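Subject: Structure handover

Hello,

Here is the structure I promised to pass on. Please open it alongside this note. My findings follow below.

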Amino acid sequence: MSTTARIHPAASTVFSSTIKHHLLRPPPNAVVFRTNPNSVRRRGTIRTLTVAAAAPFEVCAKASVTVPNKLGDCPFCQRVLLTLEEKNLPYDLKLVDLANKPEWFLKINPEGKVPVINLNEKWVADSDVITQVLEEKYPDPPLAAPPEKASVGSKIFSTFIGFLKSKDPKDGTEQALLNELSSFNDYLKENGPFINGKEVSAVDFSLGPKLYHLEIALGHFKDWSVPDSLPYVKSYMKSLFSLDSFVKTSALKEDVIAGWRPKVLG
C-alpha cells in the first residue's frame, strides 16, 4: 500500500513525500521523503539548500508494536530522522520488528540495534556517529552547536528512567529529576529559547525525543508532569514538539507507553 502526501509548513517551503512502508523485507524503495532543492525559509532566514540528486539514504528504524507500518518509539531513531528532515535530505525508511529481527537486518547489523543508515555504501550504526557524519557531509543548514553545549540537559534522561522505574516515593529519584530539570530551566532562561540560542541545533534533536518519552511515560505511569515552576522547560518542550519535523518523526503515544511498560512493571 502506498500513499502520497504533500505538506505546506510555510509559503516558501514545499515538502512532497511518497510513503511506502515495508516491515519485514528491504525493498528498493520503502519510505521515501524527497525535498525539493528550492530556497527554504527557516525561522526568518532564507537558505538555499542544494540536495544532491543521489539515491535516498537507507535508514533502518524501529517499527511500531501497536500499529502496522508505523514508526516505533526509539528516541535515537527519531534523532537521526530529525537531522535528515531538517537538512532536507531524502531517505528510505525501513521499519524493523525488533522482537522478530529479519535476517536481512541482522546481516546489515549483527548487533541488531537501530538506527542504522547506509552512508557511502557502508552501514553505520549509532546516532552520535550518524548525525556527526551528516553534519560534516551536509553542513547546510548548520545544526552543530559549540562543544561546551553538547552536555546541556544530558543527565535528564537517566534521572527520568530512575524515577520512572522507582517503586519507592521516598527514594529521592523524583527530586533528582527535578534538580536536573531545574538546572535546565535556569540554562534556558539565560540562553534559550533553544540550547544553542534562537535556532534549533543537533543538541535539541538529541534531547527532544527523550523529553517526549519523559512527558508521555511519566504522565501515563505516574500521573506526573513537568511542574509549572519550570516555565522555560515547558515552553522549550512545546516549541520543539510542534516543529513539523518533530511531528512527522514522532512515535505514537501508545508505542511510547508500550515500550516503557516492561521496564516499569519489571
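Start with Lys-94: this lysine is buried, with a relative accessible area of 2%. Keep in mind that the model is predicted.

What does Lys-94 pair with? Its side chain meets that of Glu-58 in a salt bridge, at 3.6 Å from N to O. Glu-58 sits in strand β6 (residues 57–62), while Lys-94 sits in strand β7 (residues 91–96). Glu-58 is partly exposed, with a relative accessible area of 24%. That value is not under 20%, so Glu-58 does not count as buried. Lys-94, at 2%, does.

Other salt bridges

The count comes to six salt bridges. Two more of them are worth a look on your screen.

One joins Glu-135 and Lys-87, with the closest N and O atoms 2.9 Å apart. This pair also links distant parts of the chain, 48 residues apart. Glu-135 belongs to helix α3 (residues 127–137). Lys-87 is in the loop between α1 (75–86) and β7. Are these two residues buried or exposed? Both Glu-135 and Lys-87 are buried.

Another joins the side chains of Asp-228 and Lys-234, at 3.6 Å from N to O. Here Asp-228 is exposed, with a relative accessible area of 67%. Lys-234 is partly exposed, at 33%.

Nonpolar cores

The largest nonpolar core has 41 residues. Which of them touch the most other members? They are Phe-184 and Tyr-236. Five helices each supply at least two residues of this core: α4 (156–165), α5 (173–191), α6 (202–222), α7 (231–241) and α9 (253–265). Helix α6 gives the largest share, nine residues.

Setting aside neighbours within four places in sequence, Phe-184 is in contact with Val-152, Gly-153, Ile-156, Ile-195, Leu-207, Leu-211, Val-233 and Tyr-236.

Best wishes

Technical notes
Residues numbered from 1 in each chain as written. Predicted model: local features only at pLDDT ≥ 70, side-chain atom pairs only at ≥ 80, totals over all residues. Heavy atoms only, no water. Core = buried A, V, L, I, M, F, W, Y, C linked by side-chain atoms within 4.5 Å. Buried < 20%, exposed > 50% of the residue type's maximum accessible area, 1.4 Å probe, protein only. Helix = DSSP H or I, 4+ residues; strand = E, 2+ residues; numbered from the N terminus. Contact = heavy atoms within 4.5 Å. Salt bridge = Lys/Arg side-chain N within 4 Å of Asp/Glu carboxyl O.
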